Amino acid sequence: MEEVVRQDILSVLAQAEKYILESKISDLKELSNHTIHNCSIFQDHDSIIIAVLIYSLSKVMEKTNGEFSSRVLKSISYARNNLMLKKEEEYRSEIQKLMDYISKTDSMTRKYIQEVIQQAMVKKGGRIYEHGISMARTASILGITPWELMAYVGQSAEVGEFISGRTRQRLEFARSLFKK
Amino acid sequence: MKKIFLDSSAVISLTLNNLLWILDALKEHLDGDFFICPEIKAELVDNPLNTKRFEFEALQVLAQINSGALKIAELTPEANTLYDELLHLANTSFKSKGVWINIVHKGEMQALATAILSGASAFVVDERTTRLLLENPGALRDLLQSKLHTRVEVNRQNLARFRSLTRQIKVIRSVELVLVAYELGTLDRYLPAGTPEAREILLDAVLWGLKLKGCAISEDEIAQVKRIEARVSE
């Protein structure tokens, strides 16, 4: 794991613990975007899974109880300690257990959780695409289809930024390709 | 014979707006064919057919392939070599935090390679990154830098080679195909009855439909296109 990625994940996990303790769900959702820069540059599984995990937690915690939070906090703390000690395998294993725990929480239907995780992938994909990574590359990084991503990114105002002009010339050229 | 190559993003935009059928209609006005490359077919058809999500959309694309409206370009050894080079060049053109940023994926570059070697008249791509890479890599660097909040180095040699290999490619988007179809009257079946502004309403609807389904067109461009079309109909 790149050192910059490790440091960012440690910071995000520490913040996540704080927000979960304080039940600051919207801050947790915002926090899920903090590793997107690294997701875009390094395109590594660790940055991606943290973005997806934190976003999923923010959605799931809207509908769960204190028991769920304490289990999640315990797991985040354990993962963070391992990452601090650079025990990457133990860290990854704990994060995977946490993802599995979220997926199996019995306070909600499995279908809802799967939907949340899928939505998290697409939303984070939308952010990575906004950062300048192509549609197909982004879909590949997250293991989703370009269909899902395309359907989502159109709703982002930022996709209209940095578009080169040539509107008139492009249309005139397109017209020239076809007979009247 | 003209050859127009489509990237997956353009096919997706058209399909999600129920407008893929216009390729068939446009083909009557095109002395040539529309093409996709094998990797794009895998992204659009083969992979989604293995899932429930977007399975029907995949079938719609497959129907266009089966009808001949959309042809699959052959991936020659030369195209394969060019595709490898384009993928390498594009993904080693921008560096941040000491690593090359993988900005594009194989489907996009395979489509581009087959388009170049087939002497394509146009390359239809809706997604912003590939389009900027082809037309304005400086803006792509600015975009990366602005969004990543960090300095992005450019490998000018690789970028220059990429531009040299792709210099004959002319880029359009699904929106231009739809605008031609609109001007040809292909979309008249959607004109709302009982209003003198039927054509303006239809134009606004298709432009926003495409934008909201991912075609990289800005609000300013939509306004500009509407002004252009208003002058055409005067």
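Ile4(B) stands opposite Phe34(B) in strand E2 of chain B. Before going on, some ground rules: this is a predicted model, where local features need pLDDT of at least 70, side-chain atom pairs count only at pLDDT 80 or more, and totals for chains, interfaces and linings use all residues. Residues are numbered from 1 along each chain as its sequence is written, chains are lettered from A and ligands numbered from 1 in the order in which they are written, and side-chain values use heavy atoms, with hydrogens and water left out.

Back to the strands, which are DSSP runs of E of at least two residues, numbered from the N terminus. Two of them pair if DSSP finds at least two bridges between them. E1(B) and E2(B) run parallel and are joined by four bridges. E1(B) also pairs with strand E6 (residues 122–124) of chain B, again in the parallel sense, over three bridges. There, Leu6(B) has Val124(B) as its bridge partner.

Next, the rings. Over all chains there are four aromatic pairs, meaning rings of Phe, Tyr or Trp (its six-membered ring) with centres within 6.5 Å. One of them is Phe5(B) with Phe35(B), 5.2 Å centre to centre and 15 degrees between the planes, which is stacked (planes under 30 degrees apart). Phe5(B) is in E1(B) (residues 2–6) and Phe35(B) in E2(B) (residues 32–36), so the pair ties together parts 30 residues apart in sequence. Phe5(B) counts as buried because its relative accessibility is 1%; the cut-off is under 20% relative accessible area, with a 1.4 Å probe and protein chains only. Phe35(B), at 12%, counts as buried too.

How values were computed:
Rings of Phe, Tyr and Trp (its six-membered ring) pair if their centres lie within 6.5 Å; planes under 30 degrees apart count as stacked, over 60 as edge-to-face and the rest as tilted. Buried means under 20% relative accessible area, exposed over 50%, partly exposed in between (1.4 Å probe, protein chains only).
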